[in-house]
Amino acid sequence: TVCVGIPFVLSAQSTRLIPGIKWNMGDGNLVNTLWPDTFVKYTFNVEGDYRVSLTPQISGGVCVDSSFKMINVGSVEADFEFNESKAPSYQMTNLSKRAVRYEWDFGDGKKSNETNPTHTYTEGGLYTVSLIAYGEGGQALDVHVDSVSVYGLPNAFFISQPKVVLS
C-alpha cells in the first residue's frame, strides 16, 4: 500500500545493461528513465488500485521483457474501540486501515506500541485515549481520539469494633 500524496520509489533490476526504462504508472502517466537511473520517484494523488508496468528499452527498440506490479493507493485511517466490561482494565481493539505501526497514549502517562493493547487504570477519572496510526515508511499518519471514563475504584476495608458486653 502506498499513501495518497506521499512520494514513493520504484526500482528496476536487470542482469544486463538497459539503456532506458519506460514506466507506465497505470494512471495515464508515462515516465522514461535513462541509464544509470533504474528507479522512478512518483506520487499518486487519487486512491485506487494501479497496474504499474515497466518495459526495458534496448537498442533497436526490441523489448526483451516487461514486468508489472499492482499498487494499492490509499490513506491511513486510525480508528479503535474499547471494551470496558472488565474495567478498570480496558481491551483496545484497533480498527485502523492501511497502517503498519501504532502509538497509543492512554491519557494517564502510559503508552504502548502494541496493535491491540489492554490497559489498566489505577485511578478513576476521565482519560483521553489517542491512537496514532502510521502508514508504510512512516510518512503518512492519522490520529483517532476517544474518551474513557473510569469510575472510582472500590476500596475494601473493615472496621473492627470491640464487642461490649454489659452484665
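The residues that line the largest pocket divide into seven nonpolar, five polar and two charged, and this pocket belongs to a predicted model. The protein holds 14 strands and zero helices, and buried residues make up 29% of its 167 residues.

**Largest pocket**

- The volume of the largest pocket comes to about 210 Å³, and its lining consists of 14 residues.
- Among those lining residues, Gln 13, Ser 14, Ile 18, Pro 56 and Asp 65 are the ones that lie nearest the centre of the pocket.

**Strands and sheet**

- Read from the N terminus on, the elements of the protein run β-β-β-β-β-β-β-β-β-β-β-β-β-β, in keeping with a count of 14 strands and zero helices.
- Five strands make up an open sheet in the order 1-7-6-3-4, and the pairing within this sheet is mixed.
- Strand 1 (2-3) and strand 4 (30-34) stand at the edges of the sheet, where each has a single partner strand, so one side of each is left without a neighbour in the sheet.
- Strand 3, which covers residues 20-24, and strand 6, which covers residues 48-57, run antiparallel and are joined by five bridges.
- Asn 24 has Ser 53 of strand 6 as its bridge partner.
- In general, the strands of a sheet pair through backbone hydrogen bonds, and such pairing is either parallel or antiparallel.

**Surface and contacts**

- The protein exposes about 11100 Å², and carbon and sulfur atoms supply 50% of that area.
- Of the contacts between residues at least 6 apart in sequence, 51% join residues that are at least 24 apart.
- Buried residues, those under 20% relative accessible area, account for 29% of the 167 residues in the protein.

**Backbone features in loops**

- The peptide bond that leads from Ala 87 to Pro 88 is cis, with omega near 15°, and Pro 88 itself lies in the loop between strand 8 (80-83) and strand 9 (89-94).
- Arg 98 has a positive phi of about 60° although this residue is not a glycine, and Arg 98 is placed in the loop between strand 9 and strand 10 (101-105).
- With a relative accessible area of 29%, Arg 98 is partly exposed, because that class takes in values between the 20% limit for buried and the 50% limit for exposed residues.

Note on methods. Residues numbered from 1 in each chain as written. Predicted model: local features only at pLDDT ≥ 70, side-chain atom pairs only at ≥ 80, totals over all residues. Heavy atoms only, no water. 1 Å grid on protein atoms, 1.4 Å probe; cavity = no way out; pocket = protein on both sides within 12 Å on 5 of 7 lines; lining within 4 Å. Points joined across faces, edges and corners; volume = space filled by probe spheres on them. Nonpolar A, V, L, I, M, F, W, Y, C, P; charged D, E, K, R; others polar. Pairing = 2+ DSSP bridges. Helix = DSSP H or I, 4+ residues; strand = E, 2+ residues; numbered from the N terminus. Buried < 20%, exposed > 50% of the residue type's maximum accessible area, 1.4 Å probe, protein only. Contact = heavy atoms within 4.5 Å. Areas by Shrake-Rupley, 256 points an atom, 1.4 Å probe, with all protein chains shown as cover.
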